Amino acid sequence: MSRKAMVLLFTLILTVLGVISGPSAKAQTTYSITDLGTLGGFSIDRKGNKCYCSYGQAINAAGHVTGYSFTIDPLARAFLYSGGPLADIGTIPGGTLSFGYSINKSDQITGYADVASGEYHAFLYTAGTMTDLGTLPGANYSTGSSVNDSGWVTGDGGNGHGFLYTGGAMKDLGTLPGGNFSVGYGINASGQVTGYSTTSGDLATHAVLYSVGTVMDLGTLAGGNNSAGAAVNASGEVTGYSNKSGDSTSDLHPVLYSGGTVTDLGNFSGGNYGSGLSINTSGQVVGYSSIRNTAGHPFLNSDYHAFLYAAGHGMIDLNSLLPSGSGWILNIATGINDAGQITGYGQTAPGVFHAFLLSPSRVPFSTLNAIVEIGERRKTSFEVRGRFTLGTHSDGIDPVEEAVMLQLGSFSITIPKSSFSKTHHGSYTYEGKLNGVALEMEIRPVTADIFRFRAEGIGGHGLPTTNPVAFTLTIGNDTGTLSLKGDFDERRDHSDDSDLPDLDGS
């Protein structure tokens, strides 16, 4: 495959760059949709048509979104969505254009923007300031494609190699043995990077995982020569694409790399072209698939539909999970967070594309009571315990097959599905370390609908320091939120829960 062909194929990801339970018989999650609007300007397509458009590219834990839209100039600009109108985050000094591709929990954004010389460089946007990340030696351009919560960035360094940006400098990620080209597309919290590298002689491209100075060839689907990784989660699971027939660029399948195996996620019936673009800690994947045979390249038309994949459910067309009469066609899903919120872009009218935010429908607990204690020393430890009763419309909980999320103020932690164990007494227990937090949790049934819970963590950063404390517990689609008076005295006797209100006599 020629260098030019590789560029056309693999810049596709940058260009286009739910909560579902496991295999138990639970009802399918549906979603509400928010139109994120535009920056007020338009682009002009090849036929001279104006498009007042926006394109969502990534979402963080808080449901904030980045992407790009067009100003009234008209110029493309990276945006930040945090609950109100889109905010234009500007450009690198001396430039006029910017594109946002990834956002972390602190609303840091990476992407690329033009510079005074007319070339384009990767940037890192932080609290109103856009920093030019430069290029790898000998290059005159670069692109940023993903940023993790530590502010580390990966992307294309411009000299044919992917990069990792940390500590104010770009590091060349190198290639597979004998290859000359590589790109970084996704990075997780521990700094693992996925993307692609050419193989020996540049005869093919393979998905790779860079980890602790080594590069691992993730391979392809049987029969295919080319693959690429687009995103990697905290467990090192990777999604992306692979072909199945030689080096064909018109037969691409979304894939999931997990536990040393590659799974073909398939395409929609009649389709032959797609990719996974984002994966959360529960292993849910979003991306796009063609709905009919196409020669490739998703040029923003209805030949492509956004999908959600979850183990035990397969690939689901996100359009089928929207409220009836929504007026949307969801074409590309580019990001999913641990709460199951999804961003991407779709058509609100023929040829008019807007960024969207999908939020999974939740079933509220009918009752929730809790006590929260936060360690006095350095405010990095916590304990929360309480009881809840499932809501009227709940179809039950199974923490083994569902993700469990705890939130205390702005601090949140998600325990991926398959992490809990079920004891012979019927309780669900978890003990482990997630994102630097040593965590123990138990969920114990009292009746079929009433449960007790307790969670204790050490090493949490960003925990509340004053009252009131906003507490949220989410198990699959079931959730509850309280505003609590927290106890900030770590000398409290943690064995006593007599001050918890009684629930239905339990």
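Two strands count as paired here if DSSP finds at least two bridges between them. Keep in mind that this is a predicted model.

With that in hand, take the open sheet of four strands: the order is β24-β25-β26-β27, and the pairing is antiparallel. β24 (274–279) and β27 (314–317) sit at the edges, each pairing on one side only. From one strand to the next, the twist averages 30 degrees.

Zooming in on one end of that order, β26 (residues 304–310) runs antiparallel to β27 and is joined to it by four bridges. Across that pairing, Ala310 stands opposite Gly314 in β27.

## β22 and its two partners

Now for strand β22 (residues 252–258). Six of its seven residues are buried, so the strand is largely enclosed by the rest of the structure.

β21 (residues 238–243) pairs with β22 through six bridges, antiparallel, and there Ser242 faces His253 of β22. Four bridges tie β22 to β23 (residues 261–264), again antiparallel, with Ser258 opposite Thr261 in β23. The hairpin of β22 and β23 has two residues between the strands, and Gly259 takes a positive phi near 60 degrees there.

## Thr220 in its loop

Thr220 lies in the loop between β19 (214–219) and β20 (227–232).

Leaving aside residues up to four places away in sequence, Thr220 touches His206, Asn225, Asn226, Ser227, Ser242, Tyr257 and Val262.

Methods. Residues numbered from 1 in each chain as written. Predicted model: local features only at pLDDT ≥ 70, side-chain atom pairs only at ≥ 80, totals over all residues. Heavy atoms only, no water. Axes fitted to C-alpha atoms, helices over the stretch in contact; angles between N-to-C directions. Contact = heavy atoms within 4.5 Å. Buried < 20%, exposed > 50% of the residue type's maximum accessible area, 1.4 Å probe, protein only.
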